[in-house]
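Group the points by topic, and keep to what can be read from the model itself.

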Protein chains: 2
Amino acid sequence: MSGIFFMIMVFDGLAQDTKKQLNWEVAYHKSEKGEIGKWMPATVPGAVQLDVMKAENYKQPYWFDDNVKQFDWMEDWFFTYRTHFKRPALGNGQRFYFRSKGIDYEFKIFLNGNQIHQQEGMFTYVDLDLTDALKENNEMKIMILPVRKIPAAAVYVPGTETYRQNARESAKPAVSYGWDWHPRLVIRGIWDETYLEVKDTTNLTTADVTYQLTDSLRTAEVQLALKGEKLSGASYKWIFKDKNGELVFEKTGVLSNDVENISGRLNNPSLWWPNGYGEPVLYHSEIILSDLKGRFLEKKEAKVGFRSVKMIMNEGEWEKKNVFPVTRNRAPASIEINGKRIFAKGSNWVHPEIFVGLITKETYEKQIQLAKEANFNMLRVWGGGIVNKEAFFDLCDEKGIMVWQEFPLACNNYTDKPKYLAVLEQEATAIINRLKTHACLAMWSGGNELFNSWSGMTEQSLALRLLNALCFRLDPKTPFIYTSPLYGMGHGSYVFYDKENVNGKEVFQWMPKSDKTAYTEFGIPGVASLDVLKKIIPASDLFPPKKGTAWETHHAFGAWGANRWLELPFLQEYFGEIKSIEKLVYYSQLSQAEGLKFIFEEARRQKPYCSMALNWCFQEPWPTAANNSLINWPNQTKPAYNQVANACRPVLASIRAARFLWNQGEDFSAELFMLNDTHEPLKATKVTATLVYDGGKEIILKEWDAKGSKAFENEKGPLIEVKLPLMKEQLFKIKVEVQGNPAYNSEYTLLCKNKS
Amino acid sequence: MSGIFFMIMVFDGLAQDTKKQLNWEVAYHKSEKGEIGKWMPATVPGAVQLDVMKAENYKQPYWFDDNVKQFDWMEDWFFTYRTHFKRPALGNGQRFYFRSKGIDYEFKIFLNGNQIHQQEGMFTYVDLDLTDALKENNEMKIMILPVRKIPAAAVYVPGTETYRQNARESAKPAVSYGWDWHPRLVIRGIWDETYLEVKDTTNLTTADVTYQLTDSLRTAEVQLALKGEKLSGASYKWIFKDKNGELVFEKTGVLSNDVENISGRLNNPSLWWPNGYGEPVLYHSEIILSDLKGRFLEKKEAKVGFRSVKMIMNEGEWEKKNVFPVTRNRAPASIEINGKRIFAKGSNWVHPEIFVGLITKETYEKQIQLAKEANFNMLRVWGGGIVNKEAFFDLCDEKGIMVWQEFPLACNNYTDKPKYLAVLEQEATAIINRLKTHACLAMWSGGNELFNSWSGMTEQSLALRLLNALCFRLDPKTPFIYTSPLYGMGHGSYVFYDKENVNGKEVFQWMPKSDKTAYTEFGIPGVASLDVLKKIIPASDLFPPKKGTAWETHHAFGAWGANRWLELPFLQEYFGEIKSIEKLVYYSQLSQAEGLKFIFEEARRQKPYCSMALNWCFQEPWPTAANNSLINWPNQTKPAYNQVANACRPVLASIRAARFLWNQGEDFSAELFMLNDTHEPLKATKVTATLVYDGGKEIILKEWDAKGSKAFENEKGPLIEVKLPLMKEQLFKIKVEVQGNPAYNSEYTLLCKNKS
């Protein structure tokens with residue numbers, strides 16, 4: 001990442017712009033003008049914590065035991081980056097820019113001792129024309145200010161005081177301040193691509209491709225919004241190529257202004273579809289500027305997916321009977337793409353790496369491939385985390401993953417103060433303009449759980465009204481919601497069995513009684529796999545797990561209530577005394593896998609009223625000992641991942657077992673279903689449910705002649721009722737087989753308690 | 001209203017601007033270029049329907065029998081107004097303007113045959129500089145286009161097709177298209193003040209006084225936003241006088257731009273309070289412009305009330321227990337003025353006259369005085385009706401009536417089409433800028449019942465997102481809601497007893513079981529008083545009331561369901577066979593009065609959780625035979641008005657009777673309360689409840705030593721339980737007397753059915 005080099009891009013035989021990477025150092029100091037300590041090598045993009053860790057020989061890795069606490073002292077210190085560079089030889093009309101895609105979070109930039117920029121906000125790209133301030137030898141400094149911390153205070157309900165309230169006057173993602181699966185570690189530094197650039201003659205800063213599909217979806221009215229400097233007089237060529245590289249559109253002309261809109265028409269575009277509903281077709285758009293003599297000036301490329309997106313009312317909601325005094329109907333939560341309802345299946349995305357400066361395209365690529373392979377079509381990018389780098393959205397475009405993008409607000413009562421609103425406006429404007437042309441962008445959301453008591457915001461909060469207004473003005477065609485959950489959506493529960501919050505019912509019992517429009521967060525915790533546990537917990541503390549050890553630092557105890565996320569009392573109540581780390585991992589991961597499978601399938605059984613199932617959460621930014629994630633950091637799937645992938649197949653056989661936990665000899669019951677999320681009908685078939693126990697004994701429970709169903713419709717089958725046999729082993733299975741379509745088969749593991 | 005005259009206003013000895021009223025004629029024609037019929041005298045402001053009615057000798061009055069149907073044919077015709085005037089003698093720098101505060105609804109303006117303006121929207125003031133287009137003799141024409149009608153269509157639920165859907169691509173108030181208490185009568189024409197004006201030198205168009213109160217409310221940072229033409233070089237004097245006429249602020253200076261903001265500070269301002277909570281103190285602000293020689297140029301005056309307004313969460317809502325899967329908390333519905341919660345009591349305002357061009361300051365004055373005397377502090381200006389003329393807001397400022405102002409959207413799925421959105425943006429911008437400086441303006445609302453199935457809009461509807469964005473940008477300090485009801489608010493019921501919609505319970509039974517944040521619409525119908533009935537129904541049809549007569553034209557039958565609003569089956573079930581028009585009026589009005597009194601008092605008993613009680617509706621724009629209104633058109637109170645006024649006293653004794661309808665000898669029960677909406681505590685007192693029956697017999701039911709209560713708190717008293725005596729008369733009373741405070745006494749009339 002570091003090291004000086006010049007990159008010359010050659011296009012059509014002409015030298016294009018020149019980008020220069022820089023060599024950076026970093027040092028810390030107690031006050032703005034205070035004495036600067038030792039200069040250390042800095043990795044850019046990266047984080048100041050990592051640079052200090054390397055330079056000052058911290059205990060490593062930072063994720064082991066409680067090593068993460070070594071960073072605590074840094075919050076209140078200034079960090080200054082510096083770099084040196086020579087004035088480049090600039091041709092006639094050439095300009096020299098400093099550009100950064102992200103500096104976290106509040107900073108000042110100095111060139112040769114003079115402050116040239118000041119910014120609060122890590123999502124607004126920095127773009128500075130240095131040309132007129134250059135000397136022969138230049139020193140640039142970027143001073144990162146101390147962490148912005150509003151003293152934690154109980155804003156609404158006593159007892160809810162938490163670290164995250166430090167973030168409530170800041171547009172920095174709140175997760176850094178500590179969460180129930182994230183240590184307090186307020187990262188700072190240059191976190192995305194940062195370089196010097198020589199621009200030749202023109203400076204084309206914006207080339208946004210938008211379009212309006214006709215109602216029939218057969219024609220795309222395409223628009224190209226150009227903005228820049230010295231564009232007047234340049235000739236342009238704008239083309240579209242289809243997925244096979246065939247030219248399908250071309251328009252040429254001469255620009256007469258620095259702001260110009262070019263429009264055209266594309267007939268019969270192939271549409272972009274989310275995963276499971278068709279191909280995510282992308283077109284290649286290219287705008288090339290040339291000068292009067294035909295010499296290349298610059299070009300901008302974009303991938304364009306043609307699709308319409310709406311958020312429409314859930315089926316059946318408008319038809320509900322009104323009883324006076326009547327309140328409003330619930331909020332719509334059903335995504336419609338290209339005129340068809342989509343059942344949104346997926347996860348909450350929390351970003352894949354605690355040090356977001358380390359995230360690369362490869363980081364994203366592996367995880368988005370996993371999302372696709374899990375049959376997901378949506379990721380909710382949770383407002384506690386970052387707005388991801390460009391590669392994330394490119395990959396979601398390519399793989400047909402719809403993105404529910406939240407602004408960086410979560411679980412706080414963000415202030416109405418003008419200073420915060422100004423920063424939020426700047427950041428949100430940058431975010432909207434950067435993402436609005438992506439096909440994957442399915443909806444905007446103000447942030448996480450803002451309309452709940454532990455946050456205390458409402459539709460009167462100015463921050464949310466501002467975000468709504470900005471999205472309306474800059475990107476009106478993309479749905480916007482204030483927060484999740486809205487009225488009718490559900491968050492939780494987050495455990496398999498919870499006396500307090502779901503009235504002592506296990507997930508198999510409460511979920512079928514729920515009637516939410518969309519399950520946009522729900523979770524079951526699972527312990528990390530054994531090799532992950534060994535990487536983070538000293539061998540002597542590995543078993544039995546105890547509070548006050550690395551288990552607690554890694555969220556197995558006290559993360560939320562006393563027993564989250566390890567849930568030992570539940571595991572012991574269900575599975576009996578657990579005598580080894582291997583058994584602990586097995587039972588915890590089994591309950592997570594079967595519980596999540598149940599919720600995903602039940603949400604689908606509640607279709608068409610229900611429209612979404614997004615579990616909490618997909619991955620984790622550092623290795624936890626126990627967590628709701630499907631994937632251990634950095635990239636290791638838990639068994640739940642596979643069961644969720646099964647539950648999200650476009651078509652499958654499914655059972656609604658009345659409980660997970662049974663007793664010997666008891667009357668067992670379950671209902672049979674064929675689930676179909678596709679826009680194709682299902683043919684008639686024969687479905688057989690079989691009980692498998694004690695290592696292979698089988699009892700056929702039901703043979704069902706399914707009639708088939710219409711597109712996007714499930715078919716409900718018969719009730720299975722059987723007296724459970726006496727079993728020796730406490731786990732048993734129900735397998736459901738579909739004649740002629742083994743890909744639709746399902747299997748469920750359930751628990752039978754031995755009589756004492 | 002008509003006739004030519006010149007009005008010269010004299011100020012400080014100097015001639016001010018000159019306004020000229022015009023003489024208008026009107027004619028109709030079938031097409032835009034079609035043959036124009038006879039020119040008729042036109043009253044301005046007024047309505048084309050009224051001009052034709054007078055000129056063509058229609059049956060009058062229009063409200064009698066079915067005379068209103070005479071106007072039906074006009075919807076599809078063009079109407080053109082014309083006027084003639086001479087070029088005035090203009091001094092150096094003087095300009096000559098045509099100004100209108102409202103032309104309804106879509107129109108083109110021609111001067112000497114040339115189109116000089118085109119507009120859709122009746123709320124955007126027309127302001128045209130004619131100077132350069134003047135001839136010696138001038139003819140101005142205003143062509144009103146035919147009624148904009150989108151074919152009625154069932155948008156969501158089959159069977160809901162109604163006339164009002166004609167309005168769903170229009171910013172014209174939908175009520176004209178027909179409602180359950182309003183005939184279809186799509187009024188058109190010049191409906192507000194319209195004149196020619198000579199402006200001397202400067203043209204000051206905007207002088208908005210705004211302020212920011214400090215958190216302590218002890219200081220007002222005042223701002224004056226000036227906009228105009230040729231202001232540069234003018235000197236200004238800006239003053240505030242308090243309610244006694246004392247000068248409390250003065251600032252002078254010289255303007256250097258046509259857009260300028262002047263700021264200052266006012267210490268210890270007396271605050272504006274809503275009726276019942278203090279005095280609605282208004283300051284007088286005056287900005288005077290003079291030229292370099294000290295000669296008067298122009299001035300703008302304003303009344304300024306200093307108050308803060310917020311919409312905050314209802315007490316207890318944040319503390320509700322969360323059960324997973326948890327959805328959002330309810331929307332806030334509690335108005336806070338100057339840091340104190342206000343219990344909002346009032347009515348839904350539907351405008352006082354069907355022909356809104358006839359509304360004058362006097363029309364408003366009588367009704368707003370009635371609202372004040374009813375102890376009201378809020379009027380919800382319903383989105384189906386007009387945004388009122390300036391006098392309305394001036395009067396609400398003066399009388400301490402908070403205004404909940406809706407935009408002109410009601411019970412429709414207003415389109416996302418760009419043309420409608422552009423008109424709505426223009427109209428809403430004009431409305432917001434006109435009203436935002438009024439102290440009475442307590443909240444904005446997108447419109448009526450838009451998030452309910454019979455409308456079909458949601459937070460995704462672009463019209464509502466547009467209105468939110470505009471209010472946020474132009475008036476962020478005033479609360480904004482998308483619609484009523486929001487989540488937690490309640491609309492309905494609208495009858496005393498309703499098998500279908502409230503499960504066959506009378507209002508005394510369902511209302512105590514309800515737990516809404518705010519009751520923003522509820523009604524009980526009452527027949528009009530006898531003299532009103534005689535004005536609208538031919539004598540031969542007066543009794544018994546029948547469908548197909550003027551009773552039906554005036555909404556007594558089939559207005560909504562078969563029996564609305566006369567409710568004959570209910571009246572006969574409760575009161576027995578009704579043998580005269582006098583008895584019909586008496587029982588209907590009694591049930592309305594006692595029912596509404598119960599709802600208002602019950603909403604207050606549900607304080608502090610409940611925050612509002614606004615009945616449907618205050619008045620009516622034409623005389624109905626039966627309706628939920630408290631006031632018959634034009635200005636005659638029904639008995640319900642008096643009972644509602646009683647129920648809205650700041651402090652009163654109250655009972656929660658278990659039912660309205662009792663049987664002889666039955667066990668009667670009621671709970672006693674002292675209700676206190678003030679910010680003063682209540683002292684201990686003795687409260688006595690007495691049963692009064694058969695023309696004066698009394699039984700003391702309960703003597704309660706009330707302990708008193710804190711500010712804004714009710715006190716709950718004991719339960720009254722008694723076996724009802726045998727009675728000869730079917731009506732009996734409970735009177736509740738408060739020792740030492742007869743103003744707090746209450747009396748309730750209840751019904752005891754004789755055994756058959």
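**Strand pairs and hairpins in chain B**

B:Tyr283 has B:Val304 as its bridge partner in S20(B). That pair belongs to a predicted model, as does everything described here. The partner strands are S19 (residues 283-290) and S20 (residues 296-304) of chain B, which run antiparallel and are joined by eight bridges.

- The hairpin of S19(B) and S20(B) has five residues between the strands, and within this hairpin B:Gly294 takes a positive phi near 85 degrees.
- Strand S8 (residues 106-111) of chain B pairs with strand S9 (residues 114-120) of chain B, also in the antiparallel sense, and this pairing extends over six bridges.
- B:Glu106 is placed opposite B:Glu120, a residue of S9(B).
- S8(B) and S9(B) likewise form a hairpin, here with two residues between them, and B:Asn112 in the turn has a positive phi of about 50 degrees.

**The two chains and how they meet**

- Chain B is superposed on chain A by a rotation of 180 degrees with 0.0 Å of shift along its axis, and the RMSD of that superposition is 0.0 Å; this is the relation of a two-fold axis.
- In chain B, the C-alpha nearest the axis belongs to B:Ala469, at 2.2 Å from it.
- The same surface serves both copies, since 100% of the contact residues of chain B recur in chain A.
- Across the interface, 47 residues of chain B are in contact with 48 residues of chain A.
- Helix H5 (462-474) and strand S29 (489-491) of chain B each supply at least two residues of the side of chain B that touches chain A, and H5(B) gives the most to that side, with seven residues.
- Sorted by class, the side of chain B that touches chain A has 26 nonpolar, 15 polar and six charged residues.

**Domains of chain A**

- Chain A is divided into domain 1 (6-146 + 179-199), domain 2 (218-307), domain 3 (311-647) and domain 4 (651-753).
- Between the C-alpha centres of domain 1 of chain A and domain 4 of chain A there is a separation of 57 Å.

**Buried regions**

- The largest nonpolar core holds 442 residues, and of these A:Val403 and B:Val403 touch the most other members.
- When its neighbours within four places in sequence are left aside, B:Val403 is in contact with B:Leu379, B:Val381, B:Phe393, B:Cys396, B:Cys440, B:Leu441 and B:Ala442.
- In helix H11 (residues 639-647) of chain B, the buried residues are B:Ala640, B:Tyr641, B:Gln643, B:Val644 and B:Ala647.
- Those buried residues of H11(B) are covered by elements of chain B that include strand S33 (526-527), helix H10 (581-605), strand S34 (612-615), strand S36 (631-632) and strand S37 (636-637).

**Loop residues and backbone geometry**

As background, most residues other than glycine have a negative phi, and most peptide bonds are trans.

- A:His351, although it is not a glycine, has a positive phi of about 75 degrees, and its place is in the loop between strand S24 (344-349) and helix H2 (361-373) of chain A.
- A:His351 is counted as buried because 26 other C-beta atoms lie within 10 Å.
- B:Leu217 is not a glycine either, and has a positive phi of about 65 degrees; this residue lies in the loop between strand S14 (203-213) and strand S15 (219-229) of chain B.
- B:Leu217 counts as partly exposed, because there are 15 C-beta neighbours inside 10 Å.
- The peptide bond from A:Ser484 to A:Pro485 is cis, with omega near 0 degrees, and A:Pro485 is found in the loop between strand S28 (480-481) and strand S29 (489-491) of chain A.
- A cis peptide bond, with omega near 0 degrees, also runs from A:Arg564 to A:Trp565, where A:Trp565 is found in the loop between helix H8 (550-553) and helix H9 (568-575) of chain A.
- A:Asn23 is located in the loop between strand S2 (14-20) and strand S3 (24-29) of chain A, and counts as partly exposed because 14 C-beta neighbours lie inside 10 Å.
- A:Asn23 and A:His84 are 61 residues apart along the chain, while their C-alpha atoms are separated by 7.6 Å.

Terms used
Residues are numbered from 1 along each chain as its sequence is written. Chains are lettered from A and ligands numbered from 1 in the order in which they are written. This is a predicted model: local features need pLDDT of at least 70, side-chain atom pairs count only at pLDDT 80 or more; totals for chains, interfaces and linings use all residues. A nonpolar core is a set of buried Ala, Val, Leu, Ile, Met, Phe, Trp, Tyr and Cys residues joined through C-beta atoms within 7 Å. A residue is buried if 20 or more other C-beta atoms lie within 10 Å of its own, exposed if 12 or fewer, and partly exposed in between; C-beta atoms are placed from the backbone. Two residues are in contact if their C-beta atoms, placed from the backbone, lie within 7 Å. Domain bounds come from an automatic or database domain assignment. Helices (H or I, at least four residues) and strands (E, at least two) are DSSP runs, numbered from the N terminus. Ala, Val, Leu, Ile, Met, Phe, Trp, Tyr, Cys and Pro count as nonpolar, Asp, Glu, Lys and Arg as charged, and the others, Gly among them, as polar. Copies are superposed by least squares on the C-alpha atoms of residues with pLDDT of at least 70 in both. Two strands pair if DSSP finds at least two bridges between them.
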